[in-house]
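Here is a short report on strands, a helix and aromatic contacts. Keep the model open while reading.

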Amino acid sequence: MLSEQQITDFHTFGFLIIRQLFSPDELQTINAEFDFAMDTSYRHAPFDGTRRHWVTMVGPQTPFFASLLEDPRFCTVAEQLYGEDVIGAVSDANRYVRESNWHRDTGNRHQYGVKFAYYLQPVGAESGALRVVPGSHKHPISDNLAHYFSQSELGIQDVPAYVCESEPGDVVAFDLRCYHASWGGSKDRRMCTVVYYNNPKSPEEEDATRVQVGGFATSGTPASFNRPDDPFYDPHWIANSERSVKRQRWLDRMRELGCAI
């Protein structure tokens, strides 16, 4: 649970760092599931440090990752920030190979939510830590920055920003509309995320969210990461054999919004 001050800080600056959310035992499990999922998903193209690998982690073979969307440490916080009807979108894992340019994780300021990012190695200013422009989730700052980044020739590291240095176990939560990037880092930077979307309330929000989720369950996203035969969501998670009321609500709402699951 977040304190009132933490909620205010998040909505003011667009991000929040939660220190040591995971225990050492949980980190051991996370690393084991990460390695298993990456190895099995990319048997056809083992990681060689030249191309990013990405996997959704909601199947029965990665049960800890799959549980995080309904873990109160994430779900309750997302509900505090955006309401009890937030939509759990994905739990995933990444192996990054280079810096990330300045970008937002949504294509429209009317589509938003929270992403929880956690790294499996220590990361700092020169080793791939997340950089966030404080307040960049707000209008018109966000639109002004979109124009700025389209014109600027500054390097990633030269843009004024907050560097979210972290150790394994720490989690950085940020609004999807925030401009963020990373600089430096190894050719195997391991970062995982848990993502929730605001349940759209207005026609503008619903239109924007429909665009965002429209291609989720097609082969397009896995195909772009060299896994053309894989679905976005594991069928086990969609089947919801555990009869999770919360998950079923998410699935039903995603279908209403045009996600082909």
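## Aromatic pairs

Rings of Phe, Tyr and Trp (its six-membered ring) pair if their centres lie within 6.5 Å; planes under 30 degrees apart count as stacked, over 60 as edge-to-face and the rest as tilted. By this rule the count comes to 17 aromatic pairs. The model is predicted: local features need pLDDT of at least 70, side-chain atom pairs count only at pLDDT 80 or more, and totals for chains, interfaces and linings use all residues. Residues are numbered from 1 along each chain as its sequence is written, and side-chain values use heavy atoms, with hydrogens and water left out.

Trp102 and Phe149 have ring centres 5.5 Å apart and planes at 15°, so this pair is stacked. Trp102 sits in strand E4 and Phe149 in helix H5, so the contact ties together parts 47 residues apart in sequence. Helices (H or I, at least four residues) and strands (E, at least two) are DSSP runs, numbered from the N terminus. Both Trp102 and Phe149 are buried. Buried means under 20% relative accessible area, exposed over 50%, partly exposed in between (1.4 Å probe, protein chains only).

One aromatic cluster is formed by Phe22, Phe64, Phe65, Phe74, Phe116, Tyr118, Tyr196 and Trp250.

## Charges over rings

A charge sits over a ring if NZ of Lys or CZ of Arg is within 6 Å of the ring centre and within 35 degrees of the ring normal. Arg95 lies over the face of Phe47, at 4.1 Å from the ring centre. Arg177 lies over the face of Tyr112, at 4.0 Å.

## Helix H5

Helix H5 spans residues 141–151, and its buried residues are Ser142, Leu145 and Phe149. Seen down the axis, they fall within an arc of 55°, so they line one face of the helix. The arc is that of the directions from the helix axis to the C-beta atoms. Asn144, His147, Ser150 and Gln151 are exposed on the face turned away. E4 is among the elements covering the buried residues of H5, with contact meaning heavy atoms within 4.5 Å.

## Strand E10

All 9 of the 9 residues of E10 (189–197) are buried, so the strand is largely enclosed by the rest of the structure. Two strands pair if DSSP finds at least two bridges between them. Strand E3 (residues 87–96) runs antiparallel to E10, with 9 bridges. Here Asp92 has Thr193 as its bridge partner. Strand E5 (residues 113–119) also pairs with E10 in the antiparallel sense, over 7 bridges. Phe116 is bridged to Val194 of E10.
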